[in-house]
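Welcome, and thanks for taking a look at this one with me. Please open the sequence and the structure side by side, and we will go from single residues to the whole chain.

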Amino acid sequence: MSYLNQNKTPLFTALKEHHKNNVIPFDVPGHKHGRGLKEFTDYVGNIVMELDVNSMKCLDNICNPIGVIKEAEELAAYAYGSDKAFFLVNGTTSGVQAMIMSACQPGDKIILPRNAHKSAVSGLILSGAIPIYIQPEINSDLGIAMGVTVESVEETIGRHPDAKAVFLINPTYYGATSNIKDIVRVAHRNAMAVLVDEAHGAHMSFHENFPMSAMEAGADMSAISTHKTGGSLTQSSLLLLREGIIDPFIVKKNLSLMQTTSASYLLMASIDVARKQLAVEGTKLLQKVLDLTRDARSRINKIEGLYAFGTELIGTQGVHSFDESKLGVNVRKLGLTGFEVYDILIDEYNIQVELADYYNILAIVSLGDHKEQLDALVEALVDIAEKYKTDEEIKVVNSFLENPDVIVSPRDAFYSNKKAIKFEDAEGEISGESIMAYPPGIPIVSPGERISKDIIEHIMLLKEEESLLQGTEDPYAEYIRVLGLGSKR
């Protein structure tokens, strides 16, 4: 691809030009530039509502882009080093689903880590693929899963040489990355596609001190959440493709199943501008992110009872590289769980962090952060340590789960007849639905898997900590739907 001028924003520019024309709308949306939703328009502003328009010739169409959307996607592909880029308006979830559906047909095997996001399980259900799970490496001191090793991928490929694809996470929620380049080499040597959930890595291509991106490593596809760390609006993402193993026409066809025909121009235009900002100013902006995070991490590590982990983890099992913008803080030596610190931060200091688990909290530092925000977080943690620290560490039993036995494919389990039973009585049953804490949205059990005693105990602990559980039909996760009578065996 010849050089493309990254200062251009073809879709955003066309949207602004259309706005200037003050066209009289007799098309959808029905609010007609906000006049039909006055209370909302008065709060968010006229321009936002006037830019919420429908597909038309001058603005192109996401389903079959031939104009300004196509041009904007080409600029995004160039910026990220891929052959093609597809705008997504249903988040990275739709991209993950489309990747799996493009690489796997019903009955095909796909190798993936057990700490994959729930969107990967949805992709298994939609595609009919059979999961072959790899156990991610566990850091028992921190109580979190890291990446997968090249050796574990090689060993799994050796046992399942007929698998069609390998699915990776780059980076994990807490910032760890696998040796993705070597894993790509191993997978390609065995004629397997490499699909990468890069939801938390939209920024990594634009500064040399961040881990290698999927496209740089030679992966076949990656789905990236530009809205998470790239600056675009919530729900907007990109799907990237390196041509070769996977047919771009198949990808486009699968995306047409995943996405609306009425894509939001606010979302798409924000991707266009975010791509420009990263491509043109990314090195400078991300250096600021690194400076802020490194300073905060250093200051937090001087607080008794706290450990802000970072690049010192590189070289440990499952950590080939580390994304420093993920400011994970281990709090267990305070005598508090991460869940408790999460609540204290929002209730007492008006500070919202991304997530918590038993041992840790996670703050994501990105393009919009300034020193004042990081100072407030550090000062709050100093105060919490002074007020709440005890002499007892938090110790959690059974915080790591072995991969459950997959008895029935996720697709077959999803469509099977089910019955609802009390969750604590479900040992030995085959789950008919997923259950997860959100965030991060990693299933603890998925459709088709055997429910073990450890799984039950783990979820009961999460409930005691008032963690937000999702996936079950019962909103309180008191009951879980399992496959019909006789599923225990």
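Which backbone oxygen does the side chain of R332 reach? The answer is the backbone oxygen of D141, at 3.1 Å. Please keep in mind that this is a predicted model, so every value below is computed from it.

- R332 sits in the loop that runs between β13 (326-330) and α13 (338-349).
- Although it is in a loop, R332 is buried, because its relative accessible area of 14% is under the 20% cut-off.
- Besides reaching D141, the side chain of R332 makes a polar contact of 2.8 Å with the side chain of E393.

**S222 in strand β9**

- Strand β9 covers residues 221-224 and includes S222.
- S222 has a relative accessible area of 0%, so this residue is buried.
- The side chain of S222 has a polar partner in the side chain of E198, at 3.4 Å.
- Leaving out residues up to four places away in sequence, S222 touches M99, V196, E198, A214, M215, L238, L239 and L240.

**N139 in strand β4**

- N139 belongs to strand β4, which consists of residues 138-139.
- With a relative accessible area of 15%, N139 counts as buried.
- What does the side chain of N139 reach at 3.0 Å? It reaches the backbone nitrogen of L142.
- From N139 to H117 there are 22 residues in sequence and 19 Å in space, C-alpha to C-alpha.

**Two residues of helix α12**

- Helix α12 takes in residues 265-300, K284 among them; Q287 is found in helix α12 as well.
- Is K284 buried or exposed? K284 is exposed, because its relative accessibility of 55% is over the 50% cut-off.
- Q287 has a relative accessible area of 27% and is partly exposed, because this value falls between the 20% and 50% cut-offs.
- The side chains of Q287 and H207 are joined by a polar contact of 2.8 Å.
- Not counting residues up to four places away in sequence, Q287 touches H207, N209, G282 and R294.
- One of these, N209, is 78 residues from Q287 along the chain, and the two C-alpha atoms are 8.6 Å apart.
- For K284 and V319, 35 residues apart in sequence, the C-alpha to C-alpha separation is 26 Å.

**The chain as a whole**

- The chain holds 16 helices and 20 strands.
- Its C-alpha trace spans about 65 × 55 × 45 Å along the principal axes.
- The radius of gyration is 23 Å, which agrees with the value near 23 Å for a compact globule of 489 residues.
- Of the 489 residues, 56% count as buried.
- For contacts between residues at least 6 apart in sequence, 73% link residues at least 24 apart.
- The accessible surface comes to about 21300 Å², and carbon and sulfur atoms account for 50% of that.
- There are 46 positive and 66 negative charges, and their mean positions lie 6 Å apart.

Terms used: Residues are numbered from 1 along each chain as its sequence is written. This is a predicted model: local features need pLDDT of at least 70, side-chain atom pairs count only at pLDDT 80 or more; totals for chains, interfaces and linings use all residues. Side-chain values use heavy atoms; hydrogens and water are left out. Helices (H or I, at least four residues) and strands (E, at least two) are DSSP runs, numbered from the N terminus. The radius of gyration is taken over C-alpha atoms; the globule rule is 2.2 Å times the number of residues to the power 0.38. Buried means under 20% relative accessible area, exposed over 50%, partly exposed in between (1.4 Å probe, protein chains only). Contact means heavy atoms within 4.5 Å. Accessible areas come from the Shrake-Rupley method with a 1.4 Å probe; for residues, only the protein chains shown count as cover. Lys and Arg count as positive and Asp and Glu as negative; His and the chain ends are not counted. The place of a charge is taken as NZ of Lys, CZ of Arg, CG of Asp or CD of Glu. A polar contact is a pair of N or O atoms within 3.5 Å; within protein, one must be able to donate a hydrogen and the other to accept it, and residues adjacent in sequence count only if both atoms are side-chain atoms.
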